[in-house]
Structure formats: structure tokens, C-alpha cells
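Hello,

I am passing on a structure for you to look through. My notes come after it.

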Amino acid sequence: MSDERVANRIFYSELQDGKRKQGGQRLRYKDVLKRQMKQCSIVPARWETFTKDRTHWRRLVNTNVTKFELRRLKALDAKRDELKARQPAALSYNYIAGVLTCSECSRTFSTKSGYESHPRAHQRRSQPESETVAVTEYGGSTLYIETALRNTFKDEKLTAGSMELTGHLGDVMKESARIALTVARNFLSDYSPENNFLNTR
């Protein structure tokens, strides 16, 4: 096949623009085809040799694609059977006057699925975290940030409190966190002057 043929130009072309993104880099058309050939047990390095004999190439593709589809459906059936074989979660339904009600917060539910997923909210709230709001292109979003208190060691002298920020936070988020700590310290000093919790932790 000539290098000027459209199929060859597409197969061996490179991306004109783009960059690495989270979760993996952008794949070229060639890379996608290579992955699909390997899944169908076709050696990518020899595909041009196979295509010289059109009859053999069509038979090879049809046979291997059929086998791949059978393997894919078999894997899906096995995954579905595994999910069905799982033991149901040990969950007792709390009915009050015929209405599903949470025993911890007294919230009512109209469906069992909502009641079953609700305990995860209590588990999340039991972890030390702070709640904040972020502005996005679609409006606003609530963020839950995990927090931890650094205990003072016995031999460590009480010094001015500090705050350590981890993760991929931008300058604006870091500045907002420092401002929030300053506001909290000022509020606590006015509300309870003898409390030096935020100044020594």
C-alpha cells in the first residue's frame, strides 16, 4: 500500500495538538487499532503482510473477531454471575408507622434503595472533615475536606499554631484556607479569650 493512501496516512499520523490528561494520554488512531488487534489475537507487526492476501485477511479478521466477541460475552456473564452470587448486605429495615426511618437522624425514605445507601452518609460524617464550597463553571459545589489534628507531644513546648495543606491545591485555595484560619482565631479570641486551641495546634 502506498504511503500516500488515506488509510496509511491516518494509521501512521500523529496528533497535531493535545497534551497528557488525567487518567492517561490521548491515543493515536494507530494505538487504538493496535490494542484492538492484540485483543483479537492479530499480530500488529504483521498486519500489512496479512492484507496482501485479501481472502486470508478477511477470514482471519472474521474468525478472530468472532472469538473475541465470544470471550467478551463470556466475561460479562461471569461478572454478572459473580455479582448475583454475592451475599446481600446485612441490613435491618426500621419501619415507624409503616415508613422507612433512619434510627440515627429520623430521616424518612420512600424507597429501600435510598434507605440502604443512607448509612454511608453517616460513615462519611463520622470521619474528621471540613465542609467548604467551591465555585465551578456550572455554579457551586460542596466539598468535604479531610482534616487531622496534630497533637502536641509531651516534650514539645506550646508554640504558635500552624496549618499544613496537602494535595493539589491552587494558590487561591491555599490563601482561602489561611484566611479562614485567621477569621476563626479572631472569632475564638472574642468569644472565648481563655481558649487557646487554635493558637497552639
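The notes below go from the whole chain to single residues.

The model is predicted, so local features were taken at pLDDT of at least 70 and side-chain atom pairs at pLDDT 80 or more, while totals for chains, interfaces and linings use all residues. Residues are numbered from 1 along each chain as its sequence is written, and side-chain values use heavy atoms, with hydrogens and water left out.

Overall

The protein chain has eight helices and five strands, in the order α-α-α-α-β-β-β-α-α-β-β-α-α. These elements are DSSP runs, with helices being H or I of at least four residues and strands E of at least two, numbered from the N terminus. Of the 201 residues, 13% are buried; buried means under 20% relative accessible area, exposed over 50% and partly exposed in between, with a 1.4 Å probe and protein chains only. The accessible surface is about 17300 Å², and carbon and sulfur atoms contribute 52% of it (Shrake-Rupley method, 1.4 Å probe; for residues, only the protein chains shown count as cover). Among contacts (heavy atoms within 4.5 Å) with a separation of 6 or more, 22% join residues 24 or more positions apart.

Aromatic rings

There are three aromatic pairs in the structure. Rings of Phe, Tyr and Trp (its six-membered ring) pair if their centres lie within 6.5 Å, and the planes count as stacked under 30 degrees, edge-to-face over 60 and tilted for the rest. Tyr-93 and Tyr-115 have ring centres 5.7 Å apart and planes at 35 degrees, which makes the pair tilted. This pair links distant parts of the chain, 22 residues apart: Tyr-93 sits in the loop between α4 (54-85) and β1 (95-96), and Tyr-115 in helix α5 (residues 112-117). Tyr-93 is partly exposed at 30% relative accessible area, whereas Tyr-115 is buried at 9%.

Phe-109 and Tyr-115 also have ring centres 5.7 Å apart, but with planes at 85 degrees the pair is edge-to-face. Phe-109 and Tyr-115 are both buried. Through these ring pairs Tyr-93, Phe-109 and Tyr-115 form a cluster. Lys-112 lies over the face of Tyr-93, 4.9 Å from the ring centre; the criterion is NZ of Lys or CZ of Arg within 6 Å of the ring centre and within 35 degrees of the ring normal.

Tyr-115 also touches Thr-101. Thr-101 belongs to strand β2 (residues 99-101) and is buried, with a relative accessible area of 7%.

Salt bridges

A search of the whole structure gives two salt bridges, each defined as a side-chain nitrogen of Lys or Arg within 4 Å of a carboxyl oxygen of Asp or Glu. One joins Glu-69 to Arg-72, with the closest N and O atoms 2.5 Å apart. Glu-69 and Arg-72 are three residues apart in helix α4, so about one helical turn separates them. Glu-69 is partly exposed at 31% relative accessibility, as is Arg-72 at 36%.

The other joins Asp-77 to Arg-80, with the closest N and O atoms 2.7 Å apart. Asp-77 and Arg-80 are likewise three residues apart in helix α4, about one helical turn. Asp-77 is partly exposed with a relative accessible area of 37%, and Arg-80 is partly exposed at 40%.

Regards

Technical notes: Lists of a residue's contacts leave out its neighbours within four places in sequence.
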